[in-house]
Amino acid sequence: MIFICGKNFGRVQFYLLGSPLFLWRAIHNALPTTHRLHKIFPHISPICIRCALQEEDVQHLIFGCPSSRTVWFASNMGLRIDQLPNDFSVIVKNILNDFQEDHRKMCFSIMWQIWKGRCDFYFKAHQFDVQSVIEKAQLTVYPKLQNVLIKQRKQHFDDKYELEKDMALLITDGSWDQKGNMGIAAVVYDPLGCLYNQVSKRGVAADALTAESNALLLAIQQAKSLLRVFTKICIFSDSQILVHCVNTRSVQDVPSWQAIQVVQQCIDELSDVQTITVKHAKREALLMAHTLANDARKGDGDRLCISQNQQDLRASGFFVWSLD
Ligand SMILES: [Zn+2]
């Protein structure tokens, strides 16, 4: 049970959440984020361990970090992250005042699960899995959802994609704007449907199809490097023409000469492997890669891939302390 009380909120609120102190700590800037740890222990880097792009203060931790943004985006909570105030306690106040009870609980539950997921990533090197963060938050608020979620996951990964038992899934998408900015992303799920890895990059491209081809090339290269881990990998792209060209090993139907070069690279990369297949999927199925690609296009640098980040952390013998 969490008890929030103070001038800021004008009224007393009770919430059933996982940790009695979490929200209080977050509002009073007392969570041991790397930003805060850095102030106490200067040898600890203040940079966010999940994205390595910005300092990890509470605002970045819960809302700003690309992986947190993906959680909010995918949670259908209707929070417009781009338009949120930059002050965490103001956001909490708004949620308390403007949201209905169910949504309020859900928001706080998601915050708590983001923090838990981040700590598991930090201390136990567990993957930060967006889907499982959302599911755990949903289950806290609606315990009876368990059966529905299990069913959904089964449908998502079995029926829709007809996955073979030992097949990993790699979804990819490219994002492009009129100024020529490009964002590309690849997201890997293991054969059980758990998020394994994600990588996104920013660049320039002449047109949308070239961006899409670059995303596919990134995915193929990622897939090849993962063949040590998984025996079979299926790549999904929402570009029918690219999937067709790669599968027929022909660039004949590619309408853009800039894209042709990249598609040819994709074909060359695939020439010596039989265990990577490329299939078409509807855009809705690529939501996470789509979000990451958009974020990368608008952002100012490449995202570090999570597993690589973890290896870096382990290799550097990064200082850790346990919270609980
Ligand atoms: Zn971050």
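Where does A52 lie? I found A52 in the loop between α2 and α3 (58-64).

**Ground rules.** I am working with a predicted model, where local features need pLDDT of at least 70, side-chain atom pairs count only at pLDDT 80 or more, and totals for chains, interfaces and linings use all residues. Residues are numbered from 1 along each chain as its sequence is written. Helices are DSSP runs (H or I, at least four residues), numbered from the N terminus.

**Entry 1, backbone.** I looked up phi for A52: about 55°, a positive value although A52 is not a glycine. Most residues other than glycine have a negative phi, hence my note. With 18 C-beta neighbours inside 10 Å, A52 counts as partly exposed (buried means 20 or more other C-beta atoms within 10 Å of a residue's own, exposed 12 or fewer, partly exposed in between, with C-beta atoms placed from the backbone).

N29 also went into the notebook, with a positive phi of about 55° although it is not a glycine. I located N29 in the loop between α1 (22-27) and α2 (34-40). N29 has 14 C-beta neighbours inside 10 Å and therefore counts as partly exposed.

I then turned to α10 (residues 240-248) and α11 (residues 257-270), whose axes come within 9 Å and cross at roughly 45°. Axes here are lines fitted to C-alpha atoms over the stretch in contact, with angles from 0 to 180 degrees between N-to-C directions. α10 and α11 are therefore oblique to each other (under 35 degrees is roughly parallel, over 145 roughly antiparallel, 65 to 115 roughly perpendicular, the rest oblique).

Key:
Helix = DSSP H or I, 4+ residues; strand = E, 2+ residues; numbered from the N terminus.
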